[in-house]
Amino acid sequence: QITSKSKESIWEFIKSLLDAWSGWVVMLLIGLLAGTLAGVIDLAVDWMTDLKEGVCLSAFWYSHEQCCWTSNETTFDDRDKCPQWQKWSELLVSQSEGASAYILNYFLYIMWALCFAFLAVSLVRVFAPYACGSGIPEIKTILSGFIIRGYLGKWTLLIKTVTLVLVVSSGLSLGKEGPLVHVACCCGNFFSSLFSKYSKNEGKRREVLSAAAAAGVSVAFGAPIGGVLFSLEEVSYYFPLKTLWRSFFAALVAAFTLRSINPFGNSRLVLFYVEYHTPWYMAELFPFILLGVFGGLWGTLFIRCNIAWCRRRKTTRLGKYPVLEVIVITAITAIVAYPNPYTRRSTSELISELFNDCGALESSQLCDYINDPNMTRPVDDIPDRPAGPGVYTAMWQLALALVFKIVITIFTFGMKIPSGLFIPSMAVGAMAGRMVGIGVEQLAYHHHDWIIFRNWCRPGADCVTPGLYAMVGAAACLGGVTRMTVSLVVIMFELTGGLEYIVPLMAAAVTSKWVADAFGKEGIYEAHIHLNGYPFLDVKDEFTHRTLATDVMRPRRGEAPLSVLTQDSMTVEDVETLIKETDYNGFPVVVSKDSERLIGFAQRRELILAIKNARQRQDGVVSNSIVYFTEDPPELPPNSPHPLKLRRILNLSPFTVTDHTPMETVVDIFRKLGLRQCLVTRSGRLLGIITKKDVLRHMAQMANQDPESIMFN
């Protein structure tokens with residue numbers, strides 16, 4: 001209609017252009033808003049994390065790093081210390097060292113953390129209960145054709161953005177990456193409601209949400225291509241080529257916006273950008289694959305323990321005290337984290353330090369090697385050296401931090417606050433990887449005459465890069481928890497700029513997926529979908545049983561017959577009674593109760609609206625008016641009430657299958673089209689109905705589970 005009218009006048013032509021561009025305009029707006037919000041969140045988190053330790057006197061809104069940028073009194077060795085930045089103990093009792101100063105700083109660190117966490121959980125509880133959790137399981141469910149009302153609303157967007165800053169700053173073991181996908185999808189939902197083309201078409205709106213998810217990952221990791229692949233591999237149910245291009249554009253705009261804001265001040269999109277110069281060797285594949293095995297085992301352990309704890313939260317009294325739970329976990333995290341320098345700082349900074357290669361200018365404990373005084377080598381290519389006391393201290397601190405992170409993340413993910421899983425998983429992997437890397441490096445240094453090191457590690461050469469092992473470990477653990485492969489590798493090399501390390505990353509990602517799949521096929525998001533009882537048909541599951549549609553359809557033998565409407569023999573009162581007595585979301589329409597020949601399907605919502613409007617507007621529609629679904633209602637006797645014609649709300653082409661259709665085909669139809677129900681017929685006669693929930697129950701039954709144990713939300 002728009003195309004045919006566009007030739008009539010200039011105005012109609014402009015309208016047709018606007019309609020054609022509306023998709024790209026929506027993507028542009030999503031990218032701009034998602035990028036801006038991500039930049040603001042990054043800046044706010046940076047400032048509030050440092051606020052727990054001290055304050056900048058020259059301008060209180062500066063973080064520690066920004067405060068010392070402008071100072072002229074910093075030295076190279078004490079680059080973190082400048083007179084403008086004061087710890088709380090210096091400010092309050094004028095002491096920077098000593099027991100009393102340490103205890104005061106410790107106490108204030110815990111108080112700030114508790115304050116941030118309490119504020120976050122209270123905001124979520126009062127204003128937007130849907131703002132809790134990661135958001136990715138729910139977005140997967142929404143994209144599979146299930147509607148969760150209010151999940152992508154404006155309040156959810158606002159509260160999730162604010163509370164995300166608070167919870168990440170409080171030092172809890174969670175990341176902001178998953179919730180940023182939810183935030184971007186809220187932006188997508190908001191902008192698609194402004195264009196009638198998207199607000200009235202559920203299918204088109206889902207395509208916008210797929211693209212928004214890509215923009216979310218793009219700004220979370222500064223990985224635009226990784227974002228598109230993440231949306232394709234992990235989130236989306238249906239991903240046509242058009243959505244691929246739009247996702248690409250949205251991810252590009254979002255990344256560009258974030259780059260313009262430049263939240264980290266290093267002209268990069270991410271905090272942990274690294275550049276390694278040394279190649280890797282074939283012998284190193286063995287430790288890389290070992291890290292993959294570790295990642296798979298950690299993923300399995302995490303999913304099992306976390307789901308058990310979340311189920312306990314749902315079924316016991318623990319779930320009634322969400323605020324208290326958050327306060328207790330925050331207190332434990334802050335008390336245990338403060339003494340260890342690796343858990344005290346924000347997780348992103350920790351990962352950044354673990355990924356870093358030790359150059360000549362590094363002041364980290366991890367780089368405290370014993371230098372050879374006669375060394376005359378270029379600065380960036382420092383040979384392998386024996387570890388100094390700092391490295392040994394760092395090793396046991398990292399080991400303690402690793403155990404603490406593994407345990408605390410199990411209890412943190414799933415609380416009633418926004419919580420992402422990417423960063424904690426990467427931290428666990430990076431700590432394990434860095435420790436393995438230092439081990440391999442020292443082994444190569446002290447035993448360079450062994451057969452495995454002889455070919456590639458001569459004395460005085462820079463053979464092993466411990467930072468690379470941290471990177472591979474991070475990828476392995478993230479893969480073990482989420483079961484991503486392609487998008488994970490792309491995100492990792494976009495994140496770190498390590499293009500020549502694709503093979504080690506691929507080896508670790510595939511190994512971790514195999515090991516984790518050996519213990520259970522579900523990733524963390526699918527496990528949470530099942531736990532919450534969302535009707536979600538996983539595309540990755542195979543249905544290999546030889547049952548037929550007639551085995552699954554309702555009504556079964558001995559059950560009440562199907563609730564149907566007839567085309568010309570029911571009154572308005574009959575229809576209203578049927579609507580009142582049942583809670584189905586639609587009714588099949590048949591010729592008559594005797595013939596049961598199927599004509600179409602009428603949605604419950606549209607029936608209610610049509611009857612309500614008819615009573616308000618049309619004269620003569622009363623309770624005993626006859627409802628007609630036929631094209632031309634017959635002539636009525638002169639004194640009979642006015643009929644109600646509802647042909648226009650009838651779906652004349654509902655999805656139907658015959659009773660002998662194999663269930664394998666039915667499951668495929670439900671998956672690929674995101675159906676909610678499907679009618680079963682034989683030679684045009686209606687026999688029954690199959691809903692998405694019936695399909696899920698049947699699949700559970702075939703997998704020898706109790707079909708009634710599937711709780712639907």
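Predicted model: local features only at pLDDT ≥ 70, side-chain atom pairs only at ≥ 80, totals over all residues.

User: Thanks! How many helices and strands does the protein chain have?
Analyst: The protein chain has 28 helices and twelve strands.

User: And what size of box do the C-alpha atoms fill?
Analyst: Along the principal axes, that box is roughly 110 × 60 × 60 Å.

User: Which domains does the assignment give?
Analyst: Domain 1 covers 18-73 + 83-261, domain 2 covers 286-525, and domain 3 covers 549-703. The centres of domain 2 and domain 3, taken over C-alpha atoms, are 56 Å apart.

User: Let's go inside. What percentage of the residues count as buried?
Analyst: Of the 713 residues in the protein chain, 53% are buried.

User: Which residues have the most contacts inside the largest nonpolar core?
Analyst: They are Phe221, Phe355, Ile417, Met426, Met492 and Ile690, in a core of 176 residues. Helix α5 (residues 99-127) gives the most to this core, contributing twelve residues.

User: Pick Met426, then. What does it touch?
Analyst: Leaving out residues up to four places away in sequence, Met426 touches Phe221, Phe272, Ile351, Phe355, Ala474, Leu478, Met492 and Leu495.

User: What other core lies apart from the largest one?
Analyst: There is another core of 21 residues, including Val572, Leu607, Ala614 and Phe629.

User: Last one, charges! How many are positive and how many negative?
Analyst: The protein chain has 65 positive and 64 negative charges, and their mean positions are 8 Å apart.

Conventions
Residues numbered from 1 in each chain as written. Heavy atoms only, no water. Helix = DSSP H or I, 4+ residues; strand = E, 2+ residues; numbered from the N terminus. Buried < 20%, exposed > 50% of the residue type's maximum accessible area, 1.4 Å probe, protein only. Lys, Arg positive; Asp, Glu negative; His and termini not counted. Charge placed at Lys NZ, Arg CZ, Asp CG, Glu CD. Domains from an automatic or database assignment. Core = buried A, V, L, I, M, F, W, Y, C linked by side-chain atoms within 4.5 Å. Contact = heavy atoms within 4.5 Å.
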